[in-house]
Amino acid sequence: MTLTIRADADAAAPCEPKGPLQGLARPCTASDAEQLAALMLDSYRGTVDDEGETIDDARRVVAALIAGEFGTADWDASVVFEREGRVVSAALVTRDRVAPPPLVAGEAFLAFSMTAASEKRRGLGRAGVMRVVEILRRRGEPRLHLVVTRANVPAVTLYLALGFEPLPLPAGEGRGLDAAESAQQGA
Ligand SMILES: CC(C)(COP(=O)(O)OP(=O)(O)OC[C@H]1O[C@@H](n2cnc3c(N)ncnc32)[C@H](O)[C@@H]1OP(=O)(O)O)[C@@H](O)C(=O)NCCC(=O)NCCS
C-alpha cells in the first residue's frame with residue numbers, strides 16, 4: 001500500500017495523540033532494540049501474522065532491521081511511544097529497500113507499525129503513522145510505502161483510513177520479509 005503525501009495538507013491535522021497519550025512520543029533509536037523485540041512479540045501475538053515466534057525470533061528480526069535488511073533504518077523518521085519506561089507502540093521507517101515495483105527503492109517504507117496488546121485501540125497506531133507522515137511531509141518526501149498481510153484487518157483498516165491505497169504487486173511478487181509482513185495488500 002502507498003500513501004501519497006500531500007505537501008499542502010492541513011498543517012493543523014493532529015499528529016500527536018490527545019489526553020493521556022500526549023507526550024509519550026519520542027524518536028526511536030537502535031538502542032531501543034530490546035524494547036522493540038518485546039513489543040514485536042507482544043503486538044503480533046494472536047494476530048494473523050503470529051507464527052508462534054519466541055523472543056529470540058523477535059530479537060533476530062529487530063537485529064535484521066538495525067542491520068539494514070529491511071532497508072536502511074531511518075531513525076529520524078521513526079517514532080516510539082513510551083509509557084513509564086516501556087515502549088508501547090512504534091512506527092519504524094526504512095528506505096532504500098530493494099523492492100519490486102510499484103514499491104520504489106529509495107522512498108520511505110513503513111517497515112513496522114506495532115502497538116502492545118494492552119494499549120491497542122487507544123489511537124497509538126494512528127498517531128505513530130501520522131507522526132511519521134508529518135516528518136516525511138516536512139522533508140518534502142512524496143510517498144510512504146508499506147506491505148501488509150491482506151487478512152490483517154486492524155492494520156488494513158488503519159492504513160485505508162489514513163489514505164493509503166492498495167497497489168498490487170506483479171503476479172508472484174508478493175512476499176514476506178518475515179513473520180512481520182507477508183503479501184502486499186491488493187496483490
Ligand atoms: C495495527 C496496529 C499497529 C494498530 O495499532 P493501534 O494502536 O491499536 O491502532 P489505533 O488505536 O490507532 O487504531 C486506529 C484505527 O485502526 C483501525 N483498527 C485498529 N484496530 C482495529 C481492529 N482490531 N479492528 C478493526 N479496525 C481496527 C480502526 O479504524 C481504528 O480507529 P478507531 O479505534 O477510531 O475505530 C495494531 O493492531 C498492532 O500492533 N497489530 C500487530 C502488528 C501489526 O500487524 N502491524 C501492522 C503490520 S503491517
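The legends below walk through several close-up views of this predicted model.

Residues are numbered from 1 along each chain as its sequence is written. Because the model is predicted, local features need pLDDT of at least 70 and side-chain atom pairs count only at pLDDT 80 or more, while totals for chains, interfaces and linings use all residues.

**View 1. The whole chain, element by element.** The chain holds four helices and seven strands; helices (H or I, at least four residues) and strands (E, at least two) are DSSP runs, numbered from the N terminus. Starting from the N terminus, the order is β-β-α-α-β-β-β-β-α-β-α. Of the 187 residues, 40% count as buried. Here a residue is buried if 20 or more other C-beta atoms lie within 10 Å of its own, exposed if 12 or fewer, and partly exposed in between, with C-beta atoms placed from the backbone.

**View 2. Strand 6 and its two partners.** Welcome to strand 6 (residues 108–115): eight of its eight residues are buried, so this strand is largely enclosed by the rest of the structure. On one pairing, strand 5 meets strand 6 in the antiparallel sense over six bridges, and Ala91 has Ser113 as its bridge partner. Strand 6 also pairs with strand 7 (residues 143–145), in the parallel sense over two bridges, with Ala108 opposite Leu144. Two strands pair if DSSP finds at least two bridges between them. Together with helix 3 (residues 124–139), strands 6 and 7 make a right-handed β-α-β unit; right-handed says that, with the strands pointing away from the viewer, the path from the first strand over the helix to the second runs clockwise.

**View 3. Thr94 and its surroundings.** Thr94 sits in strand 5 (residues 86–95) and counts as buried because it has 22 C-beta neighbours inside 10 Å. Leaving aside neighbours within four places in sequence, Thr94 is in contact with Phe70, Gly71, Thr72, Ala73, Asp74, Phe109 and Ala111; a contact has the two C-beta atoms, placed from the backbone, within 7 Å. Ala77 is 17 residues from Thr94 in sequence and 8.5 Å away in space, C-alpha to C-alpha.

View 4. The twelve residues of helix 1 (33–44) should span 16 Å at 1.5 Å a residue, and the end C-alpha atoms are 16 Å apart, which agrees. The expected span is 1.5 Å times one less than the number of residues. Among the buried residues of helix 1 are Leu36, Leu39 and Tyr44. The buried residues of this helix pack against helix 2 (55–67), strand 5 and strand 6. Just after helix 1, Gly46 takes a positive phi of about 80°.

**View 5. Two loop residues with positive phi.** Most residues other than glycine have a negative phi. Glu84, which is not a glycine, has a positive phi of about 50°; Glu84 lies in the loop between strand 4 (79–83) and strand 5 and is exposed, with 6 other C-beta atoms within 10 Å. Arg121 has a positive phi near 65°, and is found in the loop between strand 6 and helix 3. Arg121 is exposed too, with 9 other C-beta atoms within 10 Å.
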